[in-house]
2 protein chains.
Amino acid sequence: MPHHPAPADPDASLLLEALRENSPGHSAVEPHLRAALTDATANPGRLLRARLVFRAALTHGLDETDALTLACAVEYYHLASLLLDDLPCMDNADTRRGRVCTHRIHGDATAILAALALINRAYTLAAFSLSHLPSGLRLRAHATLDAALGTAGILGGQARDLRFATSDRSAREVAAIAAGKTGTLLTLAIYLPALLADPSSAELHHLKALCLYWGLAYQASDDIHDLLSNPATSGKTTGRDRALARPNLALALGIPAARRRLHRLARQASATLEKLSAFHPRWRYLADFQNAFLAPILAREAAA
Amino acid sequence: MPHHPAPADPDASLLLEALRENSPGHSAVEPHLRAALTDATANPGRLLRARLVFRAALTHGLDETDALTLACAVEYYHLASLLLDDLPCMDNADTRRGRVCTHRIHGDATAILAALALINRAYTLAAFSLSHLPSGLRLRAHATLDAALGTAGILGGQARDLRFATSDRSAREVAAIAAGKTGTLLTLAIYLPALLADPSSAELHHLKALCLYWGLAYQASDDIHDLLSNPATSGKTTGRDRALARPNLALALGIPAARRRLHRLARQASATLEKLSAFHPRWRYLADFQNAFLAPILAREAAA
């Protein structure tokens, strides 16, 4: 079941258009690479991260064009991570969002080049959308990108993921990998636009905690889902975690304990949001996002 | 025969130290990924691009720290391109600079993650080293990175390279691939620090021509070398171009015609350098670099 944003959603329409317009897959690009890029940017899923960045950036004072540009950057990093994750030498997936994976259609090399093209364009978009910031904030934003996208973030998580089968397979290792792989891009989506508000150190502390709770909750839900569901309902290759000794919280803890952890994380996120809103009403968009983001996850677990 | 910079060269010592210090392979990184990064940054070849960027950036007014940082960025992009180029799904090489390729030691996935880590860190280093520029020049620098590293540059060249065997295999296609793959990183090494000087449009025109001549000369020399040499003298897997129907100018034109072209490109580069120096003496470092860069190439061909 492909995840498409509701067409009536005005943010989604703007974001889909921006994802197409900023795509590096212009008409002179080699046709296979162009096709891979068109597929990726035309089927971007629920646009969770892009919506959050767009709303946050608008709230914190970017104009609509720059806010869309920054949102595209974060979504391109995410799309690139999916292309790379699915490769045979990584998670070796066949389907994603109900469609055959890019590398299965165009080959591994073209999937890698498409991911690199999205990453390269994302850095350009980030630099342009942040170019009007004062130099101190701008450098903090670049350092945030480095931490999230480098060996301290998603690449470090993926490297540990590759060696998971030979690790102790503990819940702790599963959580560390989830924080690196899933957590860092959510962190980027929260933290990068939040820097525009020049937050106090107490606000930054709560923002970081929120990123962690959301990231781990999302991964816990995904892991429970992987064990319980099948490809027809999830839109991607599932049930693989058990077969391939992949890091999965529900495998490490058992499904009931994983569910309790998911609900605890959701409560911790809500408590953190209340503290943030007490500091300043400018953080209320995060509560709106949590409703849109976590509510379906919790409903899904309640129904399962 | 591994290419090591002469230890007495003070620029090389500074650059080697900066490559180590800026490396994303810090002590907390997963050990295989860290080993791959240490190998890459400790054996960076002749540092052609880094030396050029360092000298150019100093000439055009960056302080030593920022000049080293920018040079590291360009060298990391180059090192990443080598890691990716050697993958089985790309050029499928076994050795590089006299050493076993990273993916053959640590696996394809770790080689890909190492390349991404270098690219991510390179964008951060570029953003930091250019952060004091006026906004207009800074954005031109980011646009230059986008053009060189994206689908209009090295990724576009690599995508055409992947499909070369099914193309017309003409000298024109070979040159287009060489311009994309080899030319763009040389272009970056010339063009990015040259932007610091806020060059006139006439100067930019000559700089671009110089990038093209150097890039094509370098590739022509490499292609002739591939047909004539063996792995023991070149330090990388050779003689493969013929076997694998890879783009090779000397295969497309024949060796005598490829040599004539190489010498013509060298003459064109020299004439362009004279024009640039006539505009302004600040471009003389490019003549020094050409002596260090093209003289050994031409001597090699004369001796072969």
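Reader: Where is the place of Leu47(A)?

Author: Leu47(A) lies in the loop between α2 (31-42) and α3 (48-59) of chain A; helices here are DSSP runs of H or I with at least four residues, numbered from the N terminus. This is a predicted model, in which local features need pLDDT of at least 70 and side-chain atom pairs count only at pLDDT 80 or more, while totals for chains, interfaces and linings use all residues. Residues are numbered from 1 along each chain as its sequence is written, chains are lettered from A and ligands numbered from 1 in the order in which they are written, and side-chain values use heavy atoms, with hydrogens and water left out.

Reader: Why does Leu47(A) count as buried?

Author: Buried means under 20% relative accessible area, exposed over 50%, and partly exposed in between (1.4 Å probe, protein chains only). Leu47(A) has 1% relative accessibility and therefore counts as buried. Its phi is near 60 degrees, a positive value in a residue other than glycine.

Reader: Why is Arg169(A) called partly exposed?

Author: Arg169(A) stands at 42% relative accessibility, so the residue counts as partly exposed. Arg169(A) is placed in the loop between α8 (154-162) and α9 (171-194) of chain A, and its phi is near 55 degrees, again a positive value in a residue other than glycine.

Reader: What span does helix α14 of chain B reach, and what is expected?

Author: The expected span is 1.5 Å times one less than the number of residues. Helix α14 (residues 255-279) of chain B has 25 residues and reaches 36 Å from its first C-alpha to its last, close to the 36 Å expected. Its buried residues include Ala269(B) and Leu273(B).

Reader: Which residues does Trp214(B) contact?

Author: Leaving aside neighbours within four places in sequence, Trp214(B) is in contact (heavy atoms within 4.5 Å) with residues including Ala269(B), Leu273(B) and Leu286(B).

Methods. Helices (H or I, at least four residues) and strands (E, at least two) are DSSP runs, numbered from the N terminus.
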